[in-house]
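Subject: Structure handover and notes

Hello,

Here is the structure for you to look over. My notes come after it.

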Amino acid sequence: MNICIQITMAEEAKPFIELLDFKNINPLNTPIPHNLYHTNIEEKIIHLIVNGRVSDHVSYLGTEMASLISEASLRLLKPDLLINAGTAGGKQSKGLKIGDVTICENSYYHDHRISIPGYHEYFKGNFSSTSKYFSSIKNLKSLIPSTISTGNSFEMNPSDEETISSLNSSVKEMELCAIAQVCSFYKTPWIGIKAITDIIDIDESPTSDQFFENLNLACKNLSISLRDIVTALKD
Ligand code: ADE
């Protein structure tokens with residue numbers, strides 16, 4: 001089995017690289033900035049692709065980069081399964097807390113606005129993770145099944161907030177729906193795993209300080225869940 005794991009920030013990937021002893025290998029033949037790593041677990045070939053950096057501490061992020069990196073990964077690595085892993089904001093009113101690890105059941109965009117009939121439905125996203133791979137791991141006890149929504153802002157405006165509520169989304173991040181969309185073109189199953197760094201439904205909106213304070217805990221938990229997932233996955 002050939003698995004590709006896509007992670008946006010080097011900080012998010014670091015504990016997982018250490019845990020599974022990934023080796024840095026030559027990048028893919030694409031000008032899109034990224035770093036590529038490889039390891040094996042039993043008979044499984046695992047590639048980890050991590051977005052490149054704009055500068056020392058700034059990673060390329062958001063849906064455009066996510067689409068470009070997943071397209072290159074799917075075309076050149078031809079994985080049986082693409083896993084998008086990373087961090088996200090979560091709703092405490094849905095029972096989520098800092099450090100929880102969620103698995104995506106349904107994926108939407110929360111910042112796409114177009115009222116034109118036909119376009120409106122398609123532009124919301126709406127991808128479900130329903131593959132045999134998803135079924136084989138969704139009951140791992142560390143994973144909280146969630147609706148996850150994607151937008152190109154860390155901060156929420158009132159429209160994002162309203163859409164997130166109407167979608168019944170409990171997790172907010174910046175890549176997954178774009179990756180699910182690219183996977184749908186390649187007919188490749190996908191799984192979304194997001195660890196919570198900040199709470200989005202309290203009076204004070206999440207700050208970058210809150211994100212960085214909780215990043216280590218969230219990414220440590222993420223790495224353990226990812227290890228359990230790749231160990232449990234079966235063809
Ligand atoms: N990643 C981590 N926290 C986030 C948030 N609140 N919004 C979008 N992406 C995030």
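The notes below cover helix packing, the nonpolar core, and then some single residues.

Please keep in mind that this is a predicted model.

**Helix α2 against helix α6**

Helix α2 spans residues 63-77 and helix α6 spans residues 176-186. Their axes are 8 Å apart and meet at an angle of about 30°. Angles under 35 degrees count as roughly parallel, and α2 and α6 are therefore roughly parallel to each other. The crossing of α2 past α6 is right-handed.

On the α2 side, the contact is made by Thr63, Ala66, Ser67, Ser70, Glu71 and Leu74. Their partners in α6 are Ala178, Ile179, Val182, Cys183 and Tyr186. By type, the residues of this contact divide into 7 nonpolar, 3 polar and 1 charged.

**Helix α1 against helix α7**

The second pair is α1 with helix α7, the latter covering residues 208-232. Here the angle is about 45° and the axes are 8 Å apart. That makes α1 oblique to α7. This crossing is right-handed.

From α1, the residues Glu11, Glu12, Lys14, Pro15, Phe16 and Leu19 take part. They meet Leu215, Cys219, Lys220, Leu222, Ser223, Leu226 and Arg227 in α7. The contact of α1 with α7 divides into 7 nonpolar, 1 polar and 5 charged residues.

The largest nonpolar core has 51 residues. Which of them touch the most other members? They are Ile5, Ile179, Ile193 and Leu222. The element that gives the most to this core is α6, with 7 residues. Two of these names have come up already: Ile179 is among the α6 residues that meet α2, and Leu222 is among the α7 residues that meet α1.

Is α6 largely enclosed or largely open? Of its 11 residues, 8 are buried, so α6 is largely enclosed by the rest of the structure. The buried ones are Leu176, Cys177, Ala178, Ile179, Ala180, Gln181, Val182 and Cys183. Just after α6, Lys187 takes a positive phi of about 55°.

Ile5, also named above, is in contact with Ile46, Leu48, Ile83, Ala85 and Leu226, leaving aside its neighbours within four places in sequence. Leu226 belongs to the α7 side of the contact with α1.

**Cys4 in strand β1**

Cys4 sits in strand β1, residues 2-7. A residue needs 20 or more other C-beta atoms within 10 Å to count as buried; Cys4 has 25 and is therefore buried. Neighbours within four places in sequence aside, the contacts of Cys4 are His47, Ile49, Ser73, Leu77, Pro79 and Leu82. Cys4 and Val54 are 50 residues apart in sequence, and their C-alpha atoms are 23 Å apart in space.

**Asn35 in strand β3**

Asn35 lies in strand β3. With 17 C-beta neighbours inside 10 Å, Asn35 counts as partly exposed. Asn35 touches Asn24, Pro27, Val50 and Gly52, when residues up to four places away in sequence are not counted. From Asn35 to Ser70 the separation is 35 residues in sequence and 13 Å in space, C-alpha to C-alpha. Ser70 is one of the α2 residues that meet α6.

**Loop residues**

Some loop residues may be worth a look in your viewer.

- Asp21 is in the loop between α1 (10-19) and β2 (23-25). Although Asp21 is not a glycine, its phi is positive, at about 55°. Asp21 counts as exposed, with 9 C-beta neighbours inside 10 Å.
- Glu42 is in the loop between β3 (34-41) and β4 (44-51). The phi of Glu42 is near 50°, a positive value in a residue other than glycine. Glu42 counts as exposed, with 7 C-beta neighbours inside 10 Å.
- Lys141 is in the loop between α4 (132-137) and β10 (143-150). With 6 C-beta neighbours inside 10 Å, Lys141 counts as exposed. Lys141 and Phe127 are 14 residues apart along the chain, with their C-alpha atoms separated by 23 Å.

Regards

Key. Residues are numbered from 1 along each chain as its sequence is written. This is a predicted model: local features need pLDDT of at least 70, side-chain atom pairs count only at pLDDT 80 or more; totals for chains, interfaces and linings use all residues. Axes are lines fitted to C-alpha atoms, for helices over the stretch in contact, and angles run from 0 to 180 degrees between N-to-C directions. Helices (H or I, at least four residues) and strands (E, at least two) are DSSP runs, numbered from the N terminus. Angles under 35 degrees count as roughly parallel, over 145 as roughly antiparallel, 65 to 115 as roughly perpendicular and the rest as oblique. A crossing is left-handed if the near helix is turned anticlockwise from the far one by less than a right angle, and right-handed if clockwise. Two residues are in contact if their C-beta atoms, placed from the backbone, lie within 7 Å. Ala, Val, Leu, Ile, Met, Phe, Trp, Tyr, Cys and Pro count as nonpolar, Asp, Glu, Lys and Arg as charged, and the others, Gly among them, as polar. A nonpolar core is a set of buried Ala, Val, Leu, Ile, Met, Phe, Trp, Tyr and Cys residues joined through C-beta atoms within 7 Å. A residue is buried if 20 or more other C-beta atoms lie within 10 Å of its own, exposed if 12 or fewer, and partly exposed in between; C-beta atoms are placed from the backbone.
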